[in-house]
Amino acid sequence: MSKLVAFEKMGGRSSLILINKIFYDKVYKHPWLKQYFEHISQQLIENQQVDFMQKVLGGENLYVGKAPPVAHMHIMINEDIFQVRKKLLEEAFIEAQAKPELISKWLSLDNSFKRVIFKDSTAQCKRRFNTDSILDFPNDEKNA
Ligand code: HEM
């Protein structure tokens, strides 16, 4: 089976649009995660993610954005935030009735990207541009 046929069988682009919409609705409402996205519109990040996931899942490559290490170099990403994000993503898969093969491929790709965006401390975060802030917010729910 060709990569493109396999991508369509997993649900194709329309399935990525639906999952990302449900997922980012949750992210933009989440008290901790939403703070990381204040500078960027939900529609823009959804569009970037749909193109990015389409590329890495074997669909047509329309993605012209940054590779994950550069896109996240100013963001403090540790196990805690990765797991909170993953939980919202798993909820989105269920609500969108995503195909099991799409879910397992997506989660395994995310695990590989985790290795290249993970930081042990904020000292490892670097600004991409002078105008960037280092994004690191406390998880108040955990401390409550
Ligand atoms: C394996 C998991 C992840 C993947 C595959 C991923 C993927 C991406 C991609 C493709 C972009 C767009 C890149 C571009 O600007 O061209 C992006 C942006 C972004 N991601 Fe992630 N991400 C992941 C985890 C996270 C986590 C845990 C956070 C924590 C809050 C996060 C926060 C952000 C933010 C804030 C942006 C916008 C950056 C900006 O343009 O200022 N991501 N991500």
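At what angle do α2 and α3 pack, and how far apart are their axes? I get an angle of about 140°, with the axes 9 Å apart. Before going on, I note that this is a predicted model, where local features need pLDDT of at least 70, side-chain atom pairs count only at pLDDT 80 or more, and totals for chains, interfaces and linings use all residues. Residues are numbered from 1 along each chain as its sequence is written, and side-chain values use heavy atoms, with hydrogens and water left out.

**Terms for the helices.** Helices are DSSP runs (H or I, at least four residues), numbered from the N terminus. Axes are lines fitted to C-alpha atoms over the stretch in contact, and angles run from 0 to 180 degrees between N-to-C directions.

**α2 and α3.** I see α2 pass α3 in a right-handed crossing (the near helix is turned clockwise from the far one by less than a right angle). For the contact (heavy atoms within 4.5 Å), the α2 side includes Arg13, Leu16 and Tyr24, and the α3 side includes Gln42, Ile45 and Met53. I sorted the contact residues into 6 nonpolar, 4 polar and 5 charged. Here Ala, Val, Leu, Ile, Met, Phe, Trp, Tyr, Cys and Pro count as nonpolar, Asp, Glu, Lys and Arg as charged, and the others, Gly among them, as polar.

**α2 and α5.** Next I took α2 (residues 12-27) with α5 (residues 79-95): their axes come within 9 Å and cross at roughly 135°. The two are therefore oblique to each other, and their crossing is right-handed. Among the contact residues I list Ile19, Phe23 and Lys26 of α2 and Arg85, Leu88 and Glu91 of α5.

**α3 and α6.** Helix α3 (residues 42-56) packs on α6 (residues 100-117) at about 100°, axes 11 Å apart. That makes α3 roughly perpendicular to α6. Phe52, Met53 and Val56 of α3 meet Trp106, Leu109 and Phe113 of α6: 6 nonpolar, no polar and no charged.

Which protein residue is the donor of the iron atom of the ligand? I find only His72 (NE2), at 2.0 Å. Donors are N, O and S atoms within 2.8 Å of the metal (3.2 Å for Na, K and Ca), and with water not among the atoms, sites may look incomplete. His72 sits in the loop between α4 (68-71) and α5.

How values were computed. Parallel < 35°, antiparallel > 145°, perpendicular 65-115°, else oblique.
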